[in-house]
Amino acid sequence: MTYAFPPGGLPDQTVSPESTAVFTDAYAVIPASVQRDIVTSLLPGWVNTRAWVLARPLTGFAETFAQYAVELAPKGGSDTPEPDAQAQAVLFVATGRARLTLDGQGYDLVAGSYAYIPPAAKWTLWNTGDTPCGLHWVRKRYAPVDGLDAPEAFVTHDDEVAPIAMPDTDGAWATQRFADPGDLRHDMHVNIVTFQPGGRIPFAETHVMEHGLYVIQGTADYLLNRDWVPVGAGDFMWLRAFCPQACIATGQEPFRYLLYKDVNRHMPLSL
């Protein structure tokens with residue numbers, strides 16, 4: 001299995017700047033074609049590392065999360081990766097190898113590895129290979145609830161979590177749920193959604209959850225608000241709460257994306 005990651009580099013002077021990149025008041029699309037070297041950021045506390053910041057809290061838009069694509073050069077990484085003690089995280093490795101130390105326990109991560117890191121956890125991350133390691137990093141401040149402890153950390157792999165087919169789809173639309181959806185301790189889910197060729201969301205989903213969607217494989221036509229947008233591997237979509245969405249998988253391979261959403265909490269009644 002391969003997983004898309006920003007291509008970096010820089011197109012030559014013969015390439016047209018026209019693309020599907022768009023930022024509206026309901027959604028944004030950041031296609032792989034614009035995820036280039038000159039739009040990366042450096043992060044305090046990290047060495048030999050660069051990041052594409054694909055989503056960040058913005059007032060009036062998506063407000064609950066940040067999402068990075070992080071590239072660790074050989075021997076790159078951090079002993080102090082997270083500056084916010086209230087932040088939880090999910091790491092999903094797309095390419096290369098890394099060593100995660102989480103509350104004193106070590107894990108060797110490879111492409112397809114998934115780690116949930118609760119707030120206030122002590123963790124480090126270092127590239128242990130001879131080639132760059134690319135990983136997706138989703139960050140959200142944890143929303144505590146009286147009577148509920150924060151979730152425990154866990155590390156797993158894409159191959160170890162079975163997809164669950166949506167009802168009445170005969171497997172054409174399925175979701176790998178890395179956290180138990182009935183566990184109210186979790187206030188965010190980062191799942192992998194898979195559509196077989198021709199599979200679809202057969203209605204315009206309209207709901208309170210914000211979304212970050214990074215396409216890790218395949219192609220689709222994606223409905224965003226009122227617009228149908230062609231998307232493919234490496235493209236990122238950022239959806240505001242209540243933005244209508246649907247999709248139809250195209251091509252000859254499965255269409256898969258890493259999906260963030262905020263869950264399991266009452267809506268705050270003040271801004």
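Is Val39 buried, exposed or partly exposed?

1. Val39 is partly exposed, at a relative accessible area of 44% (buried is under 20%, exposed over 50%, partly exposed in between; 1.4 Å probe, protein chains only). Val39 sits in the loop between strand 2 (27-30) and strand 3 (47-55). Strands are DSSP runs of E, at least two residues, numbered from the N terminus.

2. A word on the basis. This is a predicted model, where local features need pLDDT of at least 70, side-chain atom pairs count only at pLDDT 80 or more, and totals for chains, interfaces and linings use all residues. Residues are numbered from 1 along each chain as its sequence is written, and side-chain values use heavy atoms, with hydrogens and water left out.

3. Aromatic pairs number 18 in the whole structure (ring centres of Phe, Tyr and Trp, its six-membered ring, within 6.5 Å; planes under 30 degrees apart are stacked, over 60 edge-to-face, the rest tilted). Tyr3 and Phe92 pair edge-to-face, with 5.2 Å between centres and 85° between planes. Tyr3 precedes strand 1 (22-23) and Phe92 is in strand 5 (residues 87-95), so the pair ties together parts 89 residues apart in sequence. Tyr3 is buried at 6% relative accessibility, and Phe92 is buried at 0%.

4. Phe61 and Trp238 also pair edge-to-face, at 4.9 Å centre to centre and 90° between the planes. Phe61 is in the loop between strand 3 and strand 4 (66-78); Trp238 is in strand 18 (residues 236-239), 177 residues apart. Both Phe61 and Trp238 are buried.

5. Check the backbone at Asn225. Its phi is positive, about 60°, although Asn225 is not a glycine. Asn225 lies in the loop between strand 16 (219-224) and strand 17 (227-232).

Technical notes:
Helix = DSSP H or I, 4+ residues; strand = E, 2+ residues; numbered from the N terminus.
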